[in-house]
Each structure stands twice: as structure tokens, then as C-alpha cells.
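I opened this model to go through its aromatic contacts, cores, disulfide and backbone exceptions, and I kept these entries as I went.

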Amino acid sequence: PHLDCDPLVPEFCGYPFPSNVYTVEDSGTSSGRRVAFGDDFLRNNDSLPWDYSDGFSAGSPILTYLPGATDDAFGGITDIDQSLSATSPTMLLDAETGDLVPHFAQIDTQALQLPGIKPEEVSTMIRPVVRLKDNARYIVAFRNVTDGEGQTIEPSEAFAALRDETSSEDESIEARRALYEDIFEKIEAKGWSRDQIQIAWDFNTASDENNTQWLLHMRDTAFELIGEDGPEYTITSVEESTDEGAIDPTNIAYRIFGTFRVPLFMTSPEAGSLLLLDENEMPMINSETPWADIPFEVLIPQSALESPASPIEYGHGLFGEKEQIQSSHFRSFMNEYNYAFFGTDMQGMSDPDETAVREALSTGQFSSVHTMWDRLHQGFLNHLVMLRMIKTSFAQDDVFGALIDGDEAYYHGISQGGIMGPVILATSPDINRGALGVMGQPYSFLLFRSVDFNDFLLIIRVFYNDYRMNQLLIGMAQMLWDRVEPNGYSHHIVENNLPGVDPKEVLMRTAIGDHQVTTFAGHVMARTMKA
């Protein structure tokens with residue numbers, strides 16, 4: 001049945017999540033389903049950002065509520081082996097293959113650390129430690145979870161009716177009797193006793209096309225318009241090492257600022273804009289402002305005067321800006337190893353976007369934040385076009401082209417740039433190697449474990465003060481993030497490459513004890529690329 005709220009968890013509308021009861025059949029999508037959240041589920045949010053989804057994220061947090069649950073039965077984040085054992089209290093099952101998916105389970109320990117959180121706001125959670133498959137069905141189950149007094153928690157009345165085959169006056173329960181016989185049969189095949197199960201449900205992940213088709217369409221459209229000669233660009237200023245006040249005469253020969261032209265798929269070039277979609281739900285170019293002039297910066301090392309430098313596109317940190325390529329350790333690195341760094345702001349998560357995100361959250365409507373996910377599409381397109389520029393038109397520049405080796409180009413990003421780098425690596429045909437520093441996926445795994453999220457969470461909690469809702473919103477956000485973050489792309493880098501892209505080599509480096517980017521999310525990215 002298609003439901004607004006699921007009686008399996010009567011205490012909180014939206015749990016369990018993700019769940020197929022929040023979808024409808026749709027023959028027009030790759031998965032045959034379409035997400036359709038109801039009004040009570042949405043809590044005054046606009047459904048539009050999710051209306052294009054044909055399933056749930058392959059990196060989603062799996063959320064439910066078991067009243068009074070404790071962590072006593074769960075091994076937690078450092079005991080992944082528990083999830084594959086015969087005595088595991090949790091199950092995440094590939095419904096087609098029957099394979100168990102490694103994960104860890106816990107109650108929401110972040111919620112317990114905050115003052116004023118009520119016990120009933122503490123979610124019971126599963127986090128897969130591998131990326132799930134696209135367009136696949138999964139079954140979730142819990143058993144033998146206990147409360148603070150060591151008593152086994154009883155299932156809800158609705159779930160008990162399904163499990164014990166007792167009558168129910170709820171039409172949604174009667175409508176899924178056959179579905180649940182399939183669910184229980186698959187769970188019991190793994191050695192579980194039906195009468196121990198406290199809750200179980202199924203969900204389908206979104207298709208690969210649903211995650212990648214918008215950005216790939218934008219890339220292909222833009223490259224066709226740009227042509228073989230490469231993007232147009234304008235150099236607006238040049239600083240030479242001999243100029244008074246030059247940034248680093250020892251290491252840097254030229255600091256160059258300019259703009260390059262990119263097709264604009266947004267309502268405007270400014271922060272807060274939205275993607276324009278045509279009648280086929282595909283991004284389209286702004287008819288009134290079809291091109292945008294995007295600022296860029298290039299640093300050419302002194303070593304390039306002796307031999308052309310290989311260019312590296314740099315990915316900046318959280319809500320940062322292109323000028324981060326000017327860091328002193330980068331400047332010495334460029335000159336020692338003969339690399340030219342070039343950068344542009346990651347629209348969607350650059351410095352101007354931070355204000356737009358805060359303003360969107362401050363409206364009290366979380367769905368307003370979809371400007372960030374929309375604008376990241378343009379931000380990634382800008383980076384792809386800049387890579388093409390540096391290898392083609394800029395490498396032919398009358399003045400500086402001789403200092404650039406257009407046959408080689410690479411990517412290097414740190415923190416947000418390390419996290420987002422896989423999208424560029426998976427979609428760019430112009431590079432074959434990249435380095436990702438302080439990386440991880442998916443964002444929903446990172447946020448509640450990052451000190452950087454605290455300020456944004458404070459704004460969210462002004463309008464959504466039940467901590468379960470905070471978790472649900474970020475779980476919903478992951479569905480949109482998959483189109484513009486590594487969870488939607490990192491599995492295409494080393495193998496299963498996207499159209500027009502060759503396999504890449506990637507070096508990944510986590511930062512031990514990092515309180516901004518948890519290393520556990522770095523492990524997920526590494527496993528996804530089979531490092």
C-alpha cells in the first residue's frame with residue numbers, strides 16, 4: 001500500500017525509513033517506482049525535490065523506532081562482523097540474492113549527547129558499511145532488542161498482526177499480507193525465528209540513471225556546444241613573479257585570474273538558483289541567459305619555465321573558494337614537482353552558497369535547501385568544463401599555453417574537495433588519475449559525526465525539534481545528494497565506467513581522529529572503489 005504514515009511505527013510518522021510504502025508504481029521510471037511522500041510525512045515541506053526519485057538512496061541511513069531500545073544488543077560501529085553472524089540482532093538482506101549486507105547497528109548516540117532530548121526521540125539505526133546496489137530490493141529486520149531493564153521490546157500492534165497472522169482493522173495491514181509472507185520467508189531462510197522479529201520491512205534503491213542522468217546530460221550538452229577547440233575564456237589579470245607584492249616569487253611564476261564560458265542550466269548564475277527542467281524532466285539551458293562567465297584562477301610554477309607543467313584541478317574545502325590553491329604548501333609542491341594548480345568555486349557548496357543554505361533552512365522549510373543540490377549540478381559542470389579548457393583552449397594560449405602540458409591533467413581535492421572529487425573523476429573524460437584527501441561517503445554518514453554540521457543542525461532544530469525528524473530529514477536529503485556526491489558516482493570510477501569515461505587510478509588519504517570527516521565514511525568510499 002501507498003501510505004503517508006506507517007502504523008508499523010505508530011509513535012513517529014516517517015518511520016521505518018526508507019520504505020516502499022512511500023512509493024507508487026510508475027512504468028515511466030527505470031525502477032518501475034516513484035517516491036511519493038504524503039503531507040503528514042513531509043511536515044510542511046514541498047515534495048518537489050523528491051518527486052523525481054525512483055527509489056531510495058543506496059547509502060541511506062536505515063531508521064526506525066523501538067521504544068526504550070538500548071545499545072546492549074548491538075556491537076556498534078566497530079563491530080561490523082556482528083551483522084554477518086548467526087546471532088546478529090539486525091539483518092540487512094539483498095532480497096534477490098539472499099546475501100547479507102555488512103552494517104553496524106546502534107541507537108542514536110548523537111541524540112543522547114544533546115541536552116533536553118527526550119528518550120522517545122532516540123532512533124534505532126542501521127548504517128550499511130558498503131554502498132548498496134542500484135535499483136535493488138532490500139529487507140530490514142530487528143530481533144531481540146531490549147530496553148533499559150533488559151526486557152525484550154514488544155512489536156507494534158500493526159507489525160504483530162503481520163507477524164503472528166492475527167486480524168487487524170487496519171486496511172494497510174491486510175493489503176500487505178502476501179508481501180510480508182515473502183519478507184518472512186526470506187528472513188527465515190537465514191535462520192531467524194519469525195516469532196523473535198520485532199519489526200521488518202523492505203525498500204528499493206533508486207536506479208543508477210536516476211542519480212547520474214542529469215549531470216551526464218548537462219556534460220554532453222555543454223561539450224557539444226563548446227566544440228573541439230575548447231571553452232572560450234578571458235584572462236582578466238596576471239601577476240608575475242617580478243611584480244611588487246607577488247604571492248611567492250620563489251615558487252610561482254604567474255598567478256592568473258580570468259573567466260570561462262559555460263552553458264547555464266540554472267534560473268540564474270547566483271547562489272539560491274534552481275535547475276531548469278524540460279518536459280522530459282531533464283536539465284535545460286536558460287533561454288534568456290544561456291551562458292555564464294565563471295571565474296577561475298591558475299598558478300603556474302617557476303619550474304614550468306623550464307618544462308611545461310602538468311595541470312591539477314583543485315577541489316576546495318567546505319563552503320570554500322578557488323583561492324585555496326594559494327596555500328603555501330601547495331605553492332612549494334607545484335614548483336618542486338612541476339604542477340600548475342587551477343581552481344574555480346564549487347557552486348552549490350562554495351562561499352556564497354553558505355548564506356543561501358542558511359537562509360533556506362531559516363525559512364522553516366527544509367525542502368528549500370534543494371537549491372544546494374540543484375546548484376551543485378552546475379558546479380560540477382563548471383569543473384568539467386574547466387578541465388576541458390585547461391587541456392584545450394588554455395593549453396593553446398598565445399602567452400601561457402607553452403607553459404602547460406595539455407596532454408596530462410589530474411584532480412586533487414581535500415575535505416569537501418576530497419569528498420566531491422569522485423563525481424568529477426567518474427564523469428570527466430579529461431583526466432585519468434586523482435588524489436582525494438580527507439574523503440568519505442555518503443554525506444548522511446558524515447553530518448551527524450562532523451563538528452561542521454553543528455551550526456546547521458541548530459537552525460534545523462528550531463523548526464524540527466524532534467531528533468527523529470532531524471535524522472529523517474538527512475536520510476531524505478541523501479536521496480538528493482546522490483545526484484551530486486560520491487555515493488552516486490564512486491562505484492563508476494575504477495570499473496563500470498560511465499559513458500565516455502575511462503577507468504581512473506585514485507589515491508585516498510583519511511585523517512586519523514578527524515572530527516570533521518569521519519574515517520568510517522572514508523572506509524565506505526574505499527570499499528566502494530575496492531581499494
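Entry 1: I began at phenylalanine 394, which counts as buried because its relative accessibility is 0%; buried here means under 20% relative accessible area, exposed means over 50%, and partly exposed lies in between (1.4 Å probe, protein chains only). Before going further I noted that this is a predicted model, in which local features need pLDDT of at least 70 and side-chain atom pairs count only at pLDDT 80 or more, while totals for chains, interfaces and linings use all residues. Residues are numbered from 1 along each chain as its sequence is written, and side-chain values use heavy atoms, with hydrogens and water left out.

Searching the whole structure gave 32 aromatic pairs, where rings of Phe, Tyr and Trp (its six-membered ring) pair if their centres lie within 6.5 Å, and planes under 30 degrees apart count as stacked, over 60 as edge-to-face and the rest as tilted. I looked at phenylalanine 37 and tryptophan 50, which pair edge-to-face at 6.2 Å centre to centre, with 65 degrees between the planes. Phenylalanine 37 is in the loop between β2 (33–35) and α1 (39–42) and tryptophan 50 is in helix α2 (residues 48–51), so this pair ties together parts 13 residues apart in sequence; helices (H or I, at least four residues) and strands (E, at least two) are DSSP runs, numbered from the N terminus. Both partners are buried, phenylalanine 37 with a relative accessible area of 8% and tryptophan 50 with 1%.

I then returned to phenylalanine 394, which forms a tilted pair with tyrosine 233, at 5.5 Å centre to centre and with 50 degrees between the planes. This pair links distant parts of the chain, since tyrosine 233 is in strand β9 (residues 233–240) and phenylalanine 394 is in the loop between α10 (370–391) and β14 (410–414), 161 residues apart.

**Entry 2: the cores.** Which residues have the most contacts inside the largest nonpolar core? They are Phe17, Phe37 and Trp481, in a core of 153 residues; such a core is a set of buried Ala, Val, Leu, Ile, Met, Phe, Trp, Tyr and Cys residues joined through side-chain atoms within 4.5 Å. Helix α10 gives the most to this core, with eleven residues. Another core lies apart from it, with nine residues that include Leu299, Tyr314, Phe341 and Tyr410. I also found Tyr314, Phe341 and Tyr410 in one aromatic cluster, together with Phe330, Phe333, Tyr337 and Tyr339.

For phenylalanine 17, leaving aside neighbours within four places in sequence, I listed contacts (heavy atoms within 4.5 Å) that include Phe37, Phe41, Phe56, Trp201, Leu472 and Met479.

**Entry 3: the segment before β1.** Asparagine 20 lies in the segment before β1 (23–25) and counts as buried because its relative accessibility is 9%. Its side chain makes a polar contact with the side chain of asparagine 204 at 2.7 Å, a polar contact being a pair of N or O atoms within 3.5 Å, where within protein one must be able to donate a hydrogen and the other to accept it, and residues adjacent in sequence count only if both atoms are side-chain atoms. Proline 16 lies in the segment before β1 as well, and a cis peptide bond with omega of about -5 degrees joins tyrosine 15 to proline 16.

**Entry 4: the disulfide.** How many disulfides are there? The count comes to one, with a pair of cysteine sulfur atoms within 2.5 Å as the rule. Cysteine 5 and cysteine 13 form this link, with their sulfur atoms 2.0 Å apart, and at -80 degrees about the S-S bond the link is left-handed. Cysteine 5 is partly exposed at 30% relative accessibility, whereas cysteine 13 is buried at 15%.

**Entry 5: other backbone exceptions.** Most residues other than glycine have a negative phi, and most peptide bonds are trans. A cis peptide bond joins glutamine 441 and proline 442, with omega about -15 degrees, and proline 442 is in the loop between β15 (433–437) and α12 (443–447). Asparagine 338 has a positive phi of about 65 degrees and is buried, with a relative accessible area of 15%. Asparagine 496 has a positive phi of about 50 degrees and is exposed, with a relative accessible area of 52%.
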